[in-house]
Amino acid sequence: MKTKLLSFCLSAVLCSMFPLTGYAISVTTTPATTTQDIAAPSLSTAALQKLNWQPINTNDTQTIILNAKSQHLNEGEIQGPIAAFALPANRGSLDITLSSLVQDKQVYAPNVLVFDQGLRPAAFYPNSYFPYERPGVMSTDRLEGTLKLTPALGQQQIYVLVYTTRTDLQKSTQMIDPAKAYAQGVGNAVPAIPDPVARHTQTGTLKLKVKSEQNAGNITIGQVFSGPVQEPVIVGPTQTTITPSTPQKVKPVLSDTERYFSDAIKKEINNGNIDKALNLLDEAERLGSATARETFINSVKNKG
C-alpha cells in the first residue's frame, strides 16, 4: 500500500511540471461556424437581467453544484443549467480560477462570458480555454482555467456567466490513466492500456476561487470613458497551437538552505511522511530551490 501511495505522489509531482497558457485576441460576435472562428454568443439584456447573480467576494472560494434545480438558460447554443456570479469591481484586479470537476467519468464543459457593470459583454473564454488537468495530491481530474480581469474605474460590480453549449454536450474529454501518468513521469515504458473518457453533461460541480491580483496583462472589463461599443475579447487558443509560458526568474537559495531542505525531505520520506515531504518541497521551491524536486523524486524511487 505504501508503494502505491509513493508512486501516486511521485506521478502527481511530475505531472505538475507542465502548465498550459492562453492568449487573447479580438473577435466579432457573429455565430461561430468552425474551430478557427470562435465567437461570443449574443444574449438579450432581458435574459441577463432575469438571472440571479450570486455575489462572490475577493479572496473567496465557492463550490457550485449544477443540477436540475439550478438556474437554466436556453438561448441559441446555450443549453441547460448555468452559474452566474457578481464580483466586486472596486477592489483592484481579479485573479479567478474556475475548475469543473470530473465525477464518474462525466464533466461539465464550461464556457465563460464576462460582462461589465452595464451587462455589456467584455471578455469571452470558450471551452478550449479550460483544458483537462491531471489529478494532483490535493486535486482530482478537472477542466481548469484562470481568468485575469481588471475592472475599469467607476464600476461597483462585474458579472461572470458560466454555461455549456449544445455542441459541447456532443463531445467528451479524454483523460489519462494513472498508470500511464506514472510511467511517463518516471521515464518507464508506457503501458498499452486505454485512457478513460469523460462524457460532457448538463450537470456537474464547479469550483471558483477569487483573489486580488496586481499583475499586469489582465483583460480590462468596462470602459473608463464613454465611446463606441467594443466587441468582447476572446481569451484562449483558437487553434491547437500552445504558447509556452515564460519561466519566472527566481533567486537561487543558499547552499545551506538547499542542504537543509534536502536532508529534511529525505528524512520524512524514509519515515513514510509523504505529506510532510511534499510541504517541504513546496516551501523549498517557493524560496527558489533548484534541487528539492530532484531530491524528492529520487527519494521516493529509492523508497519504493
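A residue is called buried here at under 20% relative accessible area, exposed at over 50%, and partly exposed in between (1.4 Å probe, protein chains only). The model is predicted, so local features need pLDDT of at least 70 and side-chain atom pairs count only at pLDDT 80 or more, while totals for chains, interfaces and linings use all residues. Residues are numbered from 1 along each chain as its sequence is written, and side-chain values use heavy atoms, with hydrogens and water left out.

Aromatic pairs were examined next. Rings of Phe, Tyr and Trp (its six-membered ring) pair if their centres lie within 6.5 Å; planes under 30 degrees apart are stacked, over 60 edge-to-face, and the rest tilted. The structure holds five such pairs. In one of them, the ring centres of Tyr 125 and Tyr 129 are 4.9 Å apart and the planes meet at 70°, so the pair is edge-to-face. Tyr 129 also pairs with Phe 130, with centres 5.4 Å apart and planes at 80°, so this pair too is edge-to-face. Tyr 129 is buried, with a relative accessible area of 14%. Tyr 125 is buried at 1%, and Phe 130 at 2%. Elsewhere, ring pairs link Trp 53, Phe 115 and Tyr 159 into a cluster.

Trp 53 also features in the nonpolar core. A nonpolar core is a set of buried Ala, Val, Leu, Ile, Met, Phe, Trp, Tyr and Cys residues joined through side-chain atoms within 4.5 Å. The largest has 55 residues, of which Trp 53, Val 114 and Leu 161 touch the most other members. Strand β11 (residues 157–163) gives the most to this core, with six residues. Strands (E, at least two residues) and helices (H or I, at least four) are DSSP runs, numbered from the N terminus. Contact means heavy atoms within 4.5 Å. Setting aside residues up to four places away in sequence, Leu 161 touches residues including Leu 43, Trp 53, Ile 82, Asn 111 and Phe 115. Another core, of 13 residues, lies apart from the largest one. Its members include Ile 265, Ile 274, Leu 281 and Val 300.

Two strands pair if DSSP finds at least two bridges between them. Strand β6 (residues 106–107) runs parallel to β13, joined by two bridges. β12 pairs with β13 in the antiparallel sense over three bridges. Arg 199 in β13 stands opposite Gln 106 and also opposite Ser 172. In a regular strand the side chains alternate between the two faces of the sheet.

Thr 173 counts as buried, at 10% relative accessibility. Its side chain makes a polar contact with the side chain of His 200 at 2.8 Å. A polar contact is a pair of N or O atoms within 3.5 Å; within protein, one must be able to donate a hydrogen and the other to accept it, and residues adjacent in sequence count only if both atoms are side-chain atoms. Beyond four places in sequence, Thr 173 also contacts residues including Val 107, Tyr 132 and Leu 143.

Two loop residues have positive phi. Asn 59, with phi near 55°, is not a glycine. Asn 59 is in the loop between β2 (54–55) and β3 (60–66) and is exposed at 59% relative accessibility. Lys 105, also not a glycine, has a phi of about 60°. Lys 105 lies in the loop between β5 (94–101) and β6 and is exposed, at 51%.
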